[in-house]
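Good morning, and thank you for coming. Please keep the sequence and the structure in view while I speak.

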Amino acid sequence: MTERVRLDHGEGGSATHKLVREVFASRFGTVGPMDDSALVEQPPGGGRIAFTTDAFVVRPRFFPGGDIGRLAIFGTVNDLATTGAEPLAIAAAFVLEEGLPLDDLIRIADGMAAAAASVPVRVVAGDTKVVGRGEADGVFIITTGIGSVPVGLDLRSDRIRPCDAAIVSGPVGDHGIAVLGARGEMGFSTAVESDCGSVLGLARAVIRAAPGVRCMRDPTRGGLATAVHELAESSGVTIVLDERAVPVRPVVRHVCDAIGLDPLYVACEGRLIAVVPAAEADAALAAMRALPEGSGATRIGAAESRGRFGGLLLRTALGGTRPMMPLEGAQLPRIC
């Protein structure tokens, strides 16, 4: 019989300690006493600390190209990387539903451990709570990440200037369509895999190749259009995207056309948007393309002085121009 999560796994007693030791600590390399706080030394040289927190509730918890565990690690690392930070440590809290197969939990923990090792970043602390049947959807993961930002590096989103170039590291919309296909709710399946992965290497490459880089962002919920709109609003500029230049896999475009989605609003989980001075765009592109995860990097638009149509414009494939607004409502709920 398959062993499952029980309510006493969340009561803080021997069952909790056994679960934490055997499922989590053994995979994350936790050694020494499990105190109430983890102590992480900051690397020499000073700099600033970046701090982020996120919750992951994706359904289904396993999908082509990833799972909720990998998503939790990479999502946290990516939020740090886009600020220019080098990840130092992650804490993870788990809300488990009574009846969750322990084999699923072990598979999720293995995915997290593999993702953390690939960055690399340490998972140093956590918490586990168990709720009754029907009170959660198997497992939710909440993470907190800290990182160190080198002295002199400033990637705030209000630094974009007219004529700056906007770049994306690869095709957009893969994650959202992979998750949607895995749900089986639309009566179709696809060969699309999530782009779930770390953008840390891409961020490092851009920072080295384009020292004037203005800012970076990973387009998760709300997709490319929402992320770029937020950057434009923060800087008080208009960014014009070229629809023909934005990379979208044909299968993703076909699925979006069939069900009425705009791929520019569909989530990614392993793509990097970078805005750099125009004179450094070619160098940034070359640096991205030198990495496997950036082989599809493309220059997709440019910033202009703020116009009367707002922060984001799309130059369409037909030659017209139309404003694009941030996503309203939930195109694809529970995708991250």
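Let me begin with how the elements are named: helices (H or I, at least four residues) and strands (E, at least two) are DSSP runs, numbered from the N terminus. The model is a predicted one, in which local features need pLDDT of at least 70 and side-chain atom pairs count only at pLDDT 80 or more, while totals for chains, interfaces and linings use all residues. Residues are numbered from 1 along each chain as its sequence is written, and side-chain values use heavy atoms, with hydrogens and water left out.

I turn to two residues in loops and tails. Cys 163 sits in the loop between strand E6 (139-149) and strand E7 (165-168). Its phi is near 85°, a positive value in a residue other than glycine. Most residues other than glycine have a negative phi, and most peptide bonds are trans. Is Cys 163 buried or exposed? For these words, buried means under 20% relative accessible area, exposed over 50%, and partly exposed in between, with a 1.4 Å probe and protein chains only. Cys 163 counts as exposed because its relative accessibility is 56%. Arg 334 belongs to the segment after strand E13 (321-323). Its phi, near 60°, is also a positive value in a residue other than glycine. With a relative accessible area of 28%, Arg 334 is partly exposed.

Two peptide bonds also deserve attention. Arg 59 and Pro 60 are joined by a cis peptide bond, with omega about 0°. Pro 60 lies in the loop between E1 and strand E2 (62-63). The bond from Val 119 to Pro 120 is cis as well, with omega near -10°, and Pro 120 is found in the loop between H3 and strand E5 (122-131).

That brings us to helix H3 itself. How far apart should the ends of helix H3 be? The helix has 17 residues, 102-118, and at 1.5 Å a residue it should span 24 Å; the end C-alpha atoms are 24 Å apart, which agrees. The expected span is 1.5 Å times one less than the number of residues. The buried residues of H3 include Leu 102, Leu 105, Ile 108, Met 112 and Ala 116. An α-helix has 3.6 residues a turn, so residues three or four places apart point the same way.

Next, the interior. A nonpolar core is a set of buried Ala, Val, Leu, Ile, Met, Phe, Trp, Tyr and Cys residues joined through side-chain atoms within 4.5 Å. The largest such core has 100 residues, and among those with the most contacts inside it are Ile 73, Leu 105 and Ile 239. Contact, here and below, means heavy atoms within 4.5 Å. Setting aside neighbours within four places in sequence, Ile 73 is in contact with Ile 90, Met 112, Ala 115, Ala 116, Val 121 and Val 123.

Two further buried residues follow. Asp 174 lies in helix H4 (residues 174-183), and with a relative accessible area of 1% Asp 174 is buried. Beyond residues up to four places away in sequence, Asp 174 touches several others, including Glu 193, Asp 195, Arg 249 and Arg 271. Leu 313, in strand E12 (residues 312-315), counts as buried at 12% relative accessibility. Among the residues that Leu 313 touches, again not counting those up to four places away, are Ile 239, Leu 241 and Pro 323.

For contrast, consider Asp 242 in strand E9 (residues 237-242), which is partly exposed at 22%. Leaving aside neighbours within four places in sequence, Asp 242 is in contact with Ile 300, Leu 314 and Arg 315. The C-alpha atoms of Asp 242 and Gly 319 are 77 residues apart along the chain and separated by 9.5 Å.

Finally, a pocket. On a 1 Å grid over the protein atoms alone, a pocket is an open set of points with protein on both sides within 12 Å along at least five of seven lines, where a 1.4 Å probe fits; lining residues have an atom within 4 Å of a point. The second largest pocket has a volume of about 280 Å³, the volume being the space filled by probe spheres set on the points, which are joined across faces, edges and corners. Of its 17 lining residues, the closest to the centre are Asp 54, Asp 79, Asp 218, Thr 220 and Arg 221. Strand E1 (48-56), helix H2 (68-81) and helix H6 (223-235) each supply at least two residues of that lining.
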